[in-house]
Amino acid sequence: TRAELSILRTHGAAIAEAIGDSVCLIEYGSGSSTKIRVLLDACRPGAYVPVDISGEHLLRASHRIADDYPWLHVYPTCADYTGPFSLPASAEGLTHVAFFPGSSIGNFEPLDAQEFVQGVRDVVGNDGWFLIGVDTKKSESVLNHAYNDTDGVTAEFNRNILRHLNERFGMDFDTRAFEHFARYNASKGRIEMYLVSNCEQEVCLDGKTFRFASGEYMHTENS
């Protein structure tokens with residue numbers, strides 16, 4: 001994040017010059033809308049469309065942007081950005097610029113990444129732009145330490161998927177019954193995250209029972 005912000009600050013003026021005036025800036029997975037502020041300052045777009053799947057979080061972040069940039073038209077769009085979504089009519093006539101920072105493209109399988117990029121092209125059109133952040137490869141030891149941090153931050157992030165399933169779908173995962181495990185897959189150039197069952201257990205969903213053996217791996221994410 002620090003490196004990406006530094007790049008944006010260093011080259012913000014060059015990005016603004018390249019994309020020109022009268023643009024609609026579309027942020028895929030806007031989250032807290034932190035990085036976009038550097039581009040808003042540099043480019044002063046005609047419109048900003050933050051796209052995120054978490055509606056409540058999206059509205060809070062959008063209100064903060066609107067308060068801090070009173071000259072900017074902000075159009076929060078609650079959608080899964082991996083699928084089709086519509087831009088507001090006000091974006092017509094503006095050059096569409098998609099912004100996808102954070103190297104999140106690395107979480108896609110190759111064919112899914114290709115489909116996603118084609119979807120972005122459909123949104124921005126032939127005259128649009130795609131500004132994407134892609135992380136460079138690090139040494140295996142650095143990556144393994146990062147995803148198995150001693151404070152257990154990544155472990156809690158990984159287990160949170162179980163809490164989400166329990167709260168959203170009424171499942172009965174015991175988060176303490178799963179251990180976090182992450183490793184670098186050199187052949188695929190990615191970190192793979194797993195939750196490992198530390199006992200024999202059963203989990204229910206809609207009357208169906210899913211059994212886990214002790215030591216069984218559940219693949220949760222790639223990065």
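User: Why is S22 called partly exposed?

Analyst: S22 has a relative accessible area of 47%. Buried means under 20%, exposed means over 50%, and partly exposed is the range in between, computed with a 1.4 Å probe on protein chains only. The value for S22 falls in that middle range, so S22 is partly exposed. The model is predicted: local features need pLDDT of at least 70 and side-chain atom pairs pLDDT 80 or more, while totals for chains, interfaces and linings use all residues. Residues are numbered from 1 along each chain as its sequence is written, and side-chain values use heavy atoms, without hydrogens or water.

User: Where does S22 lie, and what is its phi?

Analyst: S22 belongs to the loop between α1 and β1. Helices are DSSP runs of H or I with at least four residues, strands are runs of E with at least two, and both are numbered from the N terminus. The phi of S22 is positive, about 55°, although the residue is not a glycine. Most residues other than glycine have a negative phi.

User: What is the phi of S103, and is S103 buried or exposed?

Analyst: S103 also has a positive phi, near 55°, and is likewise not a glycine. This residue sits in the loop between β5 and α4 (110-124). S103 has a relative accessible area of 19%, and S103 is therefore buried.

User: How many helices and strands does the chain have, and what share of its residues is buried?

Analyst: There are six helices and eleven strands. Of the 223 residues in the chain, 36% are buried. The C-alpha trace spans about 60 × 40 × 30 Å along its principal axes.

User: What makes α2 roughly parallel to α3?

Analyst: Helix α2 (residues 36-43) and helix α3 (residues 55-68) pack at an angle of about 30°, and their axes are 12 Å apart. That angle makes α2 roughly parallel to α3, because angles under 35 degrees count as roughly parallel, over 145 as roughly antiparallel, 65 to 115 as roughly perpendicular and the rest as oblique. Axes are lines fitted to C-alpha atoms, for helices over the stretch in contact, and the angles run from 0 to 180 degrees between N-to-C directions.

User: Which residues of α2 and α3 meet, and how are they classed?

Analyst: I36, R37 and L40 of α2 meet R64, I65 and D68 of α3. By class, the contact has three nonpolar, no polar and three charged residues. Ala, Val, Leu, Ile, Met, Phe, Trp, Tyr, Cys and Pro count as nonpolar, Asp, Glu, Lys and Arg as charged, and the others, Gly among them, as polar.

User: At what angle do α1 and α2 pack, and which residues make the contact?

Analyst: The angle between α1 and α2 is about 35°, with axes 8 Å apart. L5, L8, R9, G12, A13, I15, A16 and I19 of α1 face V38, L39, A42 and C43 of α2 in this contact. The residues divide into ten nonpolar, one polar and one charged.

User: Which residues of α2 are buried, and what covers them?

Analyst: I36, V38, L39, L40 and C43 are buried in α2. Their cover includes α1, β1, β2 (47-52), α3, β5 and β6 (129-132). After α2 comes R44, with a positive phi near 45°.

User: Which residues touch the most other members of the largest nonpolar core?

Analyst: In this core of 19 residues, they are L25, I36, L39, L40, Y48, I65 and L72. A nonpolar core is a set of buried Ala, Val, Leu, Ile, Met, Phe, Trp, Tyr and Cys residues joined through side-chain atoms within 4.5 Å. Two or more residues come from each of α1 (2-19), β1 (23-28), α2 and β5 (95-100). Apart from it lies another core of 17 residues, including C24 and V120.

User: Why is V74 called buried, and what is in contact with it?

Analyst: V74, in strand β3 (residues 73-74), has a relative accessible area of 18% and is therefore buried. Leaving aside neighbours within four places in sequence, V74 is in contact with Y48, P50, S62, I65 and A66. Contact means heavy atoms within 4.5 Å.

User: Is L131 buried or partly exposed?

Analyst: L131, in strand β6, has a relative accessible area of 24%, so L131 is partly exposed. L131 and I15 are 116 residues apart in sequence, with their C-alpha atoms 9.0 Å apart in space.
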